[in-house]
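Take a look at the sequence and the structure below. Then read on, with the viewer open beside the text.

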Amino acid sequence: MTKKITYNQDELINLIRQRNQRAFTFLYDNYSKALFGVINSIVNSQEEAEDVLQNTFVKIWNNFASYDESKGRLYTWMLNIARNLAIDSTRSKHEKIKSKIQSTSDTVYQKNNLYFDDIAHESIGIKTILGTLKEEHKIIIDLAYFEGYTQEEISKKLNLPLGTVKTKVRQAILTLRDLTKKEFFQ
Amino acid sequence: MNKHEVISSGLLESYVLGTTSVEENELVHDLCIKHPSLTNEIELIEIALINYSSQDVAPINKEIKNKISDKIFSGTNTEAKIIPLTINDKSIRVYKLSIAASIVFVITSIIYVFSIQTKVNKLHGELSKTMAATTNLEQQLSSQQTALIVATSKLQILSDPKIKTVGLKGMNSLASISALIHWNTESDAVYFNASKLPATATDKQYQLWAIVDGKPVDIGVIDLLNDSTFQKMRSVKGAQSFAVTIEKTGGSNSPTMDTMCLLGNV
């Protein structure tokens, strides 16, 4: 089920810089699912998620010159693009709906709250892997991973001390690492 | 921060999640150079997150990959292709035109060559006919000239005032035939002139005799090569009459009176 990714980030980066077609294939085959999972948790429909995924890879490819490996992981850079495009897509849809229904002026548009609510609903029962991930961990990891919340933002949002958030993020990821390991040994 | 402090701080998780600041990113980058094993730790975090969000994902439409590939590769390709394509278009048009022109030219040439060939054949036939006609005319002219020369010489002979013409009358089987002897009384030349003589048996020949002082003198056998005979015979003096007999081929020394067929007195 879970594909083991052969990590050779430097080689892959070089191939992408050469506009190598095999590099795209590798990139898509290894990262599309993970990025799609992130996108799909932000947008509302499969169709929209697919559109965003398409735009994400086009943007990754066309803007690759702006990637600097000294400033972050390749996957992290792609994740940021995917997240931003997904949020943009959802926002533009909400904007359209908002303008259509002519919402009142006192509506405070808080994207973080809005999306957090959406994700909280959608995520329930979808991620079966979370059967072994505690609900509090899942909420935190989803905010950080899918929404791009900083630990400070999570701390404020969930009204938890920053140190606790840091610990929980680390614990959540350690659990995920264990699950990954288990899958490899299965 | 030592390696273990870094690992336990949660900084690496934030780094992979993309929630770290620019300064923190630079710190992690420097630490990874100092402690290469940190990169391995980062990769494990990354794999865990990738597996997490890949889990239970609805299947992605297979066309998406092709659509992206088309967008990112055909974009540069079409630009690169468009230029040669327009050039190709033009050159293809030129090629097509020149091929069409060549075909038209070849067809026209073939038709032209055929029509010329036909004309040449026709002219060749006409030329052959003309040449045959010319040959025919030449032959006619030649025979006419011969005839003219013959006639002129006859006329010359006959218009001589010294010529004496003696008519020979047919006897026996040649009763319907007549002949003339032209005799130049000065030069003694004798010409035998008959329009037609029936053929003799193959071993026989006509022979002309002059009767001089009651005796027959042989003045030659008659050649029957032509329809009309105008033949110079041997000269004779003081002939009183002429006679033709049928003798053996080559002639006889003395005439056979039984076979006398023409006779005329001077």
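This is a predicted model: local features need pLDDT of at least 70, side-chain atom pairs count only at pLDDT 80 or more; totals for chains, interfaces and linings use all residues.

Begin with chain A. How many helices and strands does chain A have? It has eight helices and zero strands. Read from the N terminus, its elements simply run α-α-α-α-α-α-α-α. Chain A holds 186 residues, and 35% of them count as buried. Now consider its contacts with a separation of 6 or more. Residues 24 or more positions apart account for 63% of these contacts in chain A.

Next, turn to the inside. In soluble globular proteins, nonpolar side chains tend to be buried together. Here the largest nonpolar core has 58 residues. Those with the most contacts inside this core include A:Leu35, A:Val38 and A:Ile39 of chain A, along with A:Met78, A:Ala82, A:Ile140 and A:Ala144. Which elements give two or more residues to this core? From chain A they are helices H2 (21-42), H3 (46-62), H4 (74-101), H6 (135-145) and H8 (162-185). From chain B they are helices H2 (11-17), H3 (22-34) and H4 (37-54). So this core draws on both chains. H2(A) gives the most, with ten residues.

A:Ile39 is then in contact with A:Ala49, A:Val52, A:Leu53, A:Ala82 and A:Ala86.

Now see how the chains meet. The contact takes 46 residues from chain A and 36 residues from chain B. On the side of chain B that touches chain A, the elements giving two or more residues are H2, H3, H4 and helix H5 (63-158) of chain B. H4(B) gives the most to this side, with 13 residues. What is this side of chain B made of, by class? It has 17 nonpolar, twelve polar and seven charged residues.

One helix pair shows the meeting of the chains in detail. H2(A) and H4(B) pack at an angle of about 65 degrees, and their axes are 7 Å apart. The crossing of H2(A) past H4(B) is left-handed. H2(A) makes the contact with A:Lys33, A:Ala34, A:Gly37 and A:Val38. H4(B) brings B:Ile50, B:Ser53 and B:Ser54. By class, the contact of these two helices has three nonpolar, three polar and one charged residues. Notice A:Val38: this residue of the helix contact is also listed among those with the most contacts inside the 58-residue core.

Strands of a sheet pair through backbone hydrogen bonds, either parallel or antiparallel. In chain B, an open sheet of eight strands has the order S5-S4-S7-S8-S1-S2-S3-S6, with antiparallel pairing. Which strands are the edge strands? They are S5 (215-221) and S6 (229-233) of chain B, and each pairs on one side only. From one strand to the next, the twist averages 25 degrees.

Five bridges join S2 (residues 178-184) of chain B to S3 (residues 190-194) of chain B. Across this pair, B:Ile181 stands opposite B:Phe192 in S3(B). Strand S4 (residues 204-212) of chain B pairs with S5(B), also over five bridges. Here B:Ile211 has B:Pro216 in S5(B) as its bridge partner. The hairpin of S4(B) and S5(B) has two residues between the strands, and B:Asp213 in this hairpin takes a positive phi near 55 degrees.

Terms used: Residues are numbered from 1 along each chain as its sequence is written. Chains are lettered from A and ligands numbered from 1 in the order in which they are written. A nonpolar core is a set of buried Ala, Val, Leu, Ile, Met, Phe, Trp, Tyr and Cys residues joined through C-beta atoms within 7 Å. A residue is buried if 20 or more other C-beta atoms lie within 10 Å of its own, exposed if 12 or fewer, and partly exposed in between; C-beta atoms are placed from the backbone. Helices (H or I, at least four residues) and strands (E, at least two) are DSSP runs, numbered from the N terminus. Two residues are in contact if their C-beta atoms, placed from the backbone, lie within 7 Å. Ala, Val, Leu, Ile, Met, Phe, Trp, Tyr, Cys and Pro count as nonpolar, Asp, Glu, Lys and Arg as charged, and the others, Gly among them, as polar. Two strands pair if DSSP finds at least two bridges between them. Axes are lines fitted to C-alpha atoms, for helices over the stretch in contact, and angles run from 0 to 180 degrees between N-to-C directions. A crossing is left-handed if the near helix is turned anticlockwise from the far one by less than a right angle, and right-handed if clockwise. Lists of a residue's contacts leave out its neighbours within four places in sequence.
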